[in-house]
Amino acid sequence: MPPDATTVPLWLKLSYTAFVLVLVPVYWKRYGPGNFLWFSDIALFTIGIALWAESRLLVSMVAVGVLLLEIVWNVDYFGRLLTGKPLLGLSDYMFDAQKSQFLRGLSYFHVFLPPVVIWLLIEWGYEPRAIYWQTALTWIVLPLAYLLTDPQENVNWVFGPGNKPQRLLPPNLYLFILMLFFPLCIFLPSHFLLQWLFT
């Protein structure tokens, strides 16, 4: 954290940590440990660590890797909430009556995570090295998700774009393309935008 940056309030650290401590056992029981390989879940934990460590690098990794996707999730969710029509399908599970309101309510971390990240970027700035660390993390997480999770869950879309596994390409080739897609098509544009806005 830069020497003149704002210190994170204790109430935010404690409330954020309490939320994570509630979410983890519920998600573990309902979805299994593989669910925590979703980039959004990793981002949730990373920001929790960043709040206590007051680490600009960790916040920047989340910003370059996940912030754009989280904003798209919010557009999808609130768009359906306002229009009653599904848009991209990213937040369809939030409207699944078979899931309890409590379980769906825990997913509201997608709503508060972007404002927390943006506030921290305003206070601390963006660390340009984050793109390299986030790329390295992604190249670890994607193969793990491919090897350890159910294709029907399609964690981080390692088996195909959308909700179902793809059949067009050999699975290993698709995974390789995905490992290039995230850094080139999501991280790199986000990196340049974040540099322009916050450094």
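**Helices around a pocket**

Helix 1 (10-31), helix 2, helix 3, helix 5 (109-124) and helix 7 each put at least two residues into the lining of the largest pocket. Helices here are DSSP runs of H or I with at least four residues, numbered from the N terminus. The model is a predicted one, so local features need pLDDT of at least 70 and side-chain atom pairs count only at pLDDT 80 or more, while totals for chains, interfaces and linings use all residues. Residues are numbered from 1 along each chain as its sequence is written, and side-chain values use heavy atoms, with hydrogens and water left out.

What does a pocket mean here? On a 1 Å grid over the protein atoms alone, a pocket is an open set of points with protein on both sides within 12 Å along at least five of seven lines, and lining residues have an atom within 4 Å of a point. Rolling a probe the size of a water molecule over the atoms shows where empty space is left. The largest pocket holds about 1,100 Å³ of space, a volume being the space filled by probe spheres set on the points, with grid points joined across faces, edges and corners. Its lining is made of 35 residues, and Trp38, Leu90, Tyr93, Glu153 and Trp157 lie nearest the centre. Which helix gives the most to this lining? Helix 7 does, with five residues. Sorted by class, the lining of the largest pocket has 18 nonpolar, 10 polar and seven charged residues. For this count, Ala, Val, Leu, Ile, Met, Phe, Trp, Tyr, Cys and Pro are nonpolar, Asp, Glu, Lys and Arg are charged, and the others, Gly among them, are polar.

Now for helix 1 itself. Its 22 residues should span 32 Å at 1.5 Å a residue, and the end C-alpha atoms are 31 Å apart, which agrees; the expected span is 1.5 Å times one less than the number of residues. Leu12, Lys13, Tyr16, Val20, Leu23 and Tyr27 are the buried residues of helix 1. Buried means under 20% relative accessible area, exposed means over 50%, and partly exposed is in between (1.4 Å probe, protein chains only). These buried residues of helix 1 pack against helix 2, helix 4 (101-106) and helix 5, where contact means heavy atoms within 4.5 Å. Val24, also in helix 1, is partly exposed, with a relative accessible area of 27%. Leaving aside its neighbours within four places in sequence, Val24 touches Phe36 and Phe45. Val24 and Phe36 sit 12 residues apart in sequence and 8.7 Å apart in space, C-alpha to C-alpha. After helix 1 comes Gly32, with a positive phi near 90 degrees.

Helix 5 has 16 residues and reaches 22 Å from its first C-alpha to its last, close to the expected 22 Å. The buried residues of helix 5 include Phe109, Leu113, Val117, Leu121 and Trp124. Among the elements covering them are helix 1, helix 2, helix 3, helix 4 and helix 7. Trp119, found in helix 5, is partly exposed at a relative accessible area of 28%. Helix 5 is followed by Gly125, whose phi is positive, near 90 degrees. Which residues does Phe198 contact, leaving aside its neighbours within four places in sequence? Phe198, part of helix 7, is in contact with Ile118, Leu121, Ile122, Gly125 and Tyr126. The C-alpha atoms of Phe198 and Trp124 are separated by 8.4 Å, although these residues are 74 residues apart along the chain.

Helix 6 (residues 130-148) has 19 residues and reaches 26 Å from its first C-alpha to its last, close to the 27 Å expected at 1.5 Å a residue. Its buried residues are Ala130, Ile131, Gln134, Thr135, Thr138, Val141, Leu142 and Ala145. They cover an arc of only 135 degrees around the axis, which puts them on the same side of helix 6; the arc is that of the directions from the helix axis to the C-beta atoms. An α-helix has 3.6 residues a turn, so residues three or four places apart point the same way. On the other side of helix 6, Tyr132, Ile140, Leu147 and Leu148 are exposed. Cover for the buried residues of helix 6 includes helix 2 (39-53), helix 3 (56-83) and helix 7 (171-198).

The loop between helix 6 and helix 7 holds Asn154. Asn154 is buried, with a relative accessible area of 1%, and has a positive phi near 50 degrees. Most residues other than glycine have a negative phi.

Note on methods:
On a 1 Å grid over the protein atoms alone, a cavity is a set of points where a 1.4 Å probe fits but cannot get out, and a pocket is an open set with protein on both sides within 12 Å along at least five of seven lines; lining residues have an atom within 4 Å of a point.
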